[in-house]
Structure formats: C-alpha cells, structure tokens
Amino acid sequence: PRGHPGAGGGAPGEAPSLAVKLVQILPMLLFFLVFMLFSMGYDDHAPPFSLEHNPAAGYVRKRLTKEHKVPYYVTASFVNTYARDPAALYNLESTVYQSYVSGLNRKCQFEQREKQAMQKRATLYYSGKAQQDMLDKASKYPTKSCDELQTLLARQG
C-alpha cells in the first residue's frame, strides 16, 4: 500500500519530501545548536592562570606563588579578582601549586619510562662495548622534571 503523497511513503525511487528530510536532520541540528549555545559562554570562564606564558590568551603577567615560588601567568583582570582577596589568592595559588606538581609528575614519569626503554633496548639489541655505551647513555639520560619535583617536595617537607 502506498502512503499519502508528501508523507515520505512514496513509491521506490521517489525523492523524500522536504518535511521528511527535515525530520531526519533535526537531531543533528539540535545537537549543533546546543553545542553552539554552550560553547559561546566558554570564553567567559577561562582559567584564571596559566603555567605557560601565553600572550595570545592574555596570560602575560608573571607571578610566583607566595609559599613555593612556583611561576605562573595571569591576565590583566587578575588584579580585580584575586589580588584584593587574600583567601581567594591563597586558594588559587594552592591550585597553581597542585597543577605544577601534577605536571612535573607526568613529565617525570615520561622521563623515567624513556630511560627504562633505553636500558631495555641496550640489553636486548646490543652486546659488548656497544651495549655498555648504550647503558651509559641511558644512565646519563636527564630527568630534569624528576629532579625538579624532588627538590620542590624536599623544600615543602
């Protein structure tokens, strides 16, 4: 049985009506609309600090946390929001410190994995003097983030 014309149930080979096409793309349109609405307000809620100097995002003023001397960057509006409120500044600097330590920890883990991989490659693929040279190179592989993390945690405790 044939459907009514325009109801989308036309004969095979007939193009679906405009209404059917709209109903089919409606979920995508709604998703896109909701996404756009939420993303418009995102810039208003940018983080108050960055651990990296980032002029394009406005993080140009360098500061150091009071307690641990961890460097971070803020925008021009920082003074209005945090500098006049010691409790808010303390909480922000605690977050800066936690973020900094977390980043160092991730980098340190990467450095340690890389060092271990170098040692493993040396023992698996080399022998004799070449193996010893590769093991020496692995032992000298710098772990700057691990060193910095150790120094920072030693100062804390």
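I started at Tyr 126, which is partly exposed because its relative accessibility is 36% (buried is under 20%, exposed over 50%, partly exposed in between, with a 1.4 Å probe and protein chains only). The model is a predicted one, where local features need pLDDT of at least 70, side-chain atom pairs count only at pLDDT 80 or more, and totals for chains, interfaces and linings use all residues. Residues are numbered from 1 along each chain as its sequence is written, and side-chain values use heavy atoms, leaving out hydrogens and water.

Next I placed Tyr 126 in the loop between α3 (86–125) and α4 (128–139); helices are DSSP runs of H or I with at least four residues, strands runs of E with at least two, numbered from the N terminus.

Then I looked for disulfides (cysteine sulfur atoms within 2.5 Å) and found one in the whole structure. Cys 108 is joined to Cys 146, S to S 2.0 Å. Cys 108 sits in helix α3 and Cys 146 in helix α5, so the pair ties together parts 38 residues apart in sequence. I noted a right-handed link, with 105° about the S-S bond. Cys 108 counts as buried at 7% relative accessibility, and Cys 146 is buried at 12%.
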